[in-house]
Amino acid sequence: MSSDVTPTTTLVDGVPDTGKDAPRSDDDLAPPPDPAPCVVRVEGVGKCYHIYDRPQDRLKQAFFRWRRTYHREFWALRDVSFEVGRGEAVGIVGRNGSGKSTLLQIIAGTLTPTTGSVHVAGRVAALLELGSGFNHDFTGRENVYLNGAVLGLSKREIDDRFDAIAGFADIGDFLDQPVKTYSSGMLVRLAFAVQVQLEPDLLIVDEALAVGDALFQKRCYQRLEELRSGGVTILFVSHDQESVRTLTSRAVLLHHGSVRAMGTAAEVVLDYRRLLHDEERAYFQHAADRLRRPAPRPAPAVAPAVGADVDASHARSDRLSFGALEAEVVDVRVTGAHGEEKTLFYPGEPIRIEIACMLHRDLDHLNIAFRLRNKQGVKVTSWGTLNDDIRNWSRAEGRPATWDRSFRKGQVVRAVFEGPCILGPNLYEVQATVTQELDPHYKSQRILHWRDEAAFFHTGQSAAQYSFGGVCDLGLATTASVEPAPSAPSEGARAR
Ligand SMILES: Nc1ncnc2c1ncn2[C@@H]1O[C@H](COP(=O)(O)OP(=O)(O)OP(=O)(O)O)[C@@H](O)[C@H]1O
Ligand SMILES: [Mg+2]
C-alpha cells in the first residue's frame, strides 16, 4: 500500500487490486448473481413548465392559444433516463432546483412528464412533500385508514398493521388529534410509519427524514436498510451526502434538470462535492473580482489572490480528486509502526497513515486530514492536523500547532497519524485531503486537494489474537466481580 495506490486503482470484487495478495472470502469465488429485475425504468423524461411573467398573461394565453405565446418555457427536467433493479437503493443528488423532486413526483405518478415515459412495476409508496397525502382536518388515526385505502388495502389489512404503524410513529395521544395540530417532525413520523408498513415494491423518499429528530432518523435508516434487504427498491433524495453514501449503492447527480453523473454512490457523491466546490469557487472568484474592480472604470485584469487558474483544477484533477490544487496530496501510505507497508492489520496492532502534500504556492493555516470509510461507505472517523491542534489548544499543551505555521512553495509537508488499530474486520478506504482553514474551528474552509481512494487496507481478526464484535474496539478496561449469594432466610425469620 503506497503512494502508487493512485486513482487508477481498480477494485476487484470490492478489494483493491494492489497487485498483492489480499484476503479473499468464499464469496469471491461465487458466480456473479443474475441482474435484478427492473422495477423502475425512466426513459427520456423531460418536464417543461410554462412561466408567465404576469397573471393576466395566463388568461391571454387561454384565449389566444394558437395565435400568440405569452409564456416562456422552462425545462425542469431534460432527457433523463435510468433503470433501477429490485432491491436496489439509488440516491438522487443535486443542488436546489436541479429537478430531484420533479423527477420523484413523475416516478410516483403525481406529475405527468412532458416527454418520455416512466415504467414502475409494483406498488409505490412515496414520502414526497411534507404532509402530502394527509387530510389535515382528520386525525392521525383516520389518516392512517385513508392512506391505506388509497393504496388499495382493505380495512382488515389496515387493522392488522395499525399497531405496528402507531408503534413506529410513536406520537402517543396525538394519534387522535387532527393532523393540522402536528409539528413537522410528527407529520413525517406518521407518514413514514404508514408508507413503510404498506409493503411497497418501490419506496420513494424525498428529503423528508431530515425533519425527524435524531432517534427517529436512526430508526428510519435502519428500517430502510431492512426494507432494502427484503427486496424493496428505494429511491432516496437527500442533501446529506453521508446518508446517500451509506444507504444507497448507486446514485444519479442531476444538474439543471439533466443527468450530470451516474454511477456508484461513492463516485457520484464525489462528483457532487466537486460540482459544489467548483461553483462555490467560481462564485467567490467572481465576488473577489468585483470587489477588486474600482468603479466606475474597470481596472486592468488583476491576478487573483487565490485559485490562480480555475481551469487548472479541471485539467490536473482526475476522476477521484478535485480542489484548487494550490497544494496537492502526492503520497499516501498506510504502514506498521516502523514505516513498513502493510495491507492487513489485526486488533491492537500499530497503524500509521502518512500523507505528503506538495505546495504549489506559499501557504499557511493548513490542515492535512483523512477520512476512513469502510466497505459499506460509513465514515468511521475523520481526523487531521487541525483536530490535533484544537485538542492541544484545549489542553493547553503548548505544542506548536501546524495551523500556526507558514509553508513555502515547493516544500513537501508530511503529516503522520499513528495509534493502535481498533477497527473491526472490514476493508477501509483512506480519503486524504489538504485544506486551508481560514478559521481555526472549521468555519471557513478552502479545499486545496481532496483525493478519494488514496489508499486501502484490511483489518481482520485471528484466533491467536483477541477479537471483538462491531465496528471498533473501545479498549475498555474489564473487571468481573462476585457478590455473595443471598443466604436462605432462617426458620425463625420465615415464621415471622
Ligand atoms: N409548478 C412549477 N412551475 C414552474 N416551475 C417549477 C414548478 N415546480 C418546480 N419548478 C421548477 O423546477 C425546478 C426543479 O424543481 P425541483 O423542486 O424538482 O428541484 P429540487 O432538485 O427538488 O430542489 P430542492 O433541493 O430545493 O428540493 C426548479 O427550478 C423549480 O423552480
Ligand atoms: Mg426537492
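**Figure 1. Gly 46 stands opposite Thr 115 of strand E6.** The model is predicted: local features need pLDDT of at least 70, side-chain atom pairs count only at pLDDT 80 or more, and totals for chains, interfaces and linings use all residues. Residues are numbered from 1 along each chain as its sequence is written, while chains are lettered from A and ligands numbered from 1 in the order in which they are written. Helices (H or I, at least four residues) and strands (E, at least two) are DSSP runs, numbered from the N terminus. Strand E3 (residues 38-51) runs antiparallel to E6, and five bridges join the two. Two strands count as paired if DSSP finds at least two bridges between them. The open sheet seen here has three strands in the order E4-E3-E6, with antiparallel pairing. E4 and strand E6 (115-120) each have a single partner strand and stand at the edges, so one side of each is left without a neighbour in the sheet. On average, neighbouring strands of this sheet are turned by 20 degrees against each other, direction ignored. Helix H2 packs on the sheet and touches E3, E4 and E6, with its direction at about 120 degrees to that of E3. Axes are lines fitted to C-alpha atoms, for helices over the stretch in contact, and angles run from 0 to 180 degrees between N-to-C directions. Contact means that the C-beta atoms of two residues, placed from the backbone, lie within 7 Å.

**Figure 2. Ligand 1 and the residues around it.** The shell includes Tyr 49, Phe 74 and Ala 76, together with Gly 94, Asn 96, Gly 97, Ser 98 and Gly 99. Lys 100, Ser 101 and Thr 102 are also among the residues around ligand 1. A residue is near a molecule if its C-beta atom, placed from the backbone, lies within 6 Å of it. Strand E4 (72-85) and H2 are the elements that give two or more residues to this shell. Which element gives the most to the shell around ligand 1? H2 does, with three residues.

**Figure 3. An open sheet of six strands in the order E7-E8-E9-E5-E10-E11.** The pairing in this sheet is mixed. Strands of a sheet pair through backbone hydrogen bonds, either parallel or antiparallel. Strand E7 (124-127) and strand E11 (258-264) stand at the edges; each has a single partner strand, so one side of each is left without a neighbour in the sheet. Neighbouring strands are turned by 15 degrees against each other on average, direction ignored. Helix H2 (residues 100-108) lies across strands E5 (89-93), E7, E8 (202-206), E9 (233-237) and E10, and runs at about 155 degrees to E8. Helix H5 (residues 184-197) lies across E7 and E8, at about 170 degrees to E7.

**Figure 4. Strands E10 and E11 and the loop between them, with His 256.** E10 (residues 250-255) and E11 run antiparallel and are joined by six bridges. Val 252 has Met 262 in E11 as its bridge partner. His 256 is not a glycine, yet its phi is positive, about 50 degrees. It counts as partly exposed, with 14 C-beta neighbours inside 10 Å. A residue is buried if 20 or more other C-beta atoms lie within 10 Å of its own, exposed if 12 or fewer, and partly exposed in between; C-beta atoms are placed from the backbone.

**Figure 5. Helix H4 bends by about 45 degrees at Arg 161.** The bend at a residue is the angle between axes fitted to the seven residues ending there and the seven starting there. H4 (residues 155-169) has 15 residues and spans 19 Å from its first C-alpha to its last, close to the 21 Å expected at 1.5 Å a residue. The expected span is 1.5 Å times one less than the number of residues. Ile 158, Ile 165 and Ala 169 are buried in H4. The buried residues of H4 pack against helix H3 (140-150) and H5. Asp 170 follows H4 and lies in the loop between H4 and H5. Its phi is near 50 degrees, a positive value in a residue other than glycine. Asp 170 is partly exposed, with 15 other C-beta atoms within 10 Å.

**Figure 6. Strand E22 and its pairing with E21.** Of the 15 residues of E22 (residues 445-459), 13 are buried, so the strand is largely enclosed by the rest of the structure. Strand E21 (residues 426-437) pairs with E22 in the antiparallel sense over eleven bridges. Here Glu 437 has Gln 445 as its bridge partner in E22.
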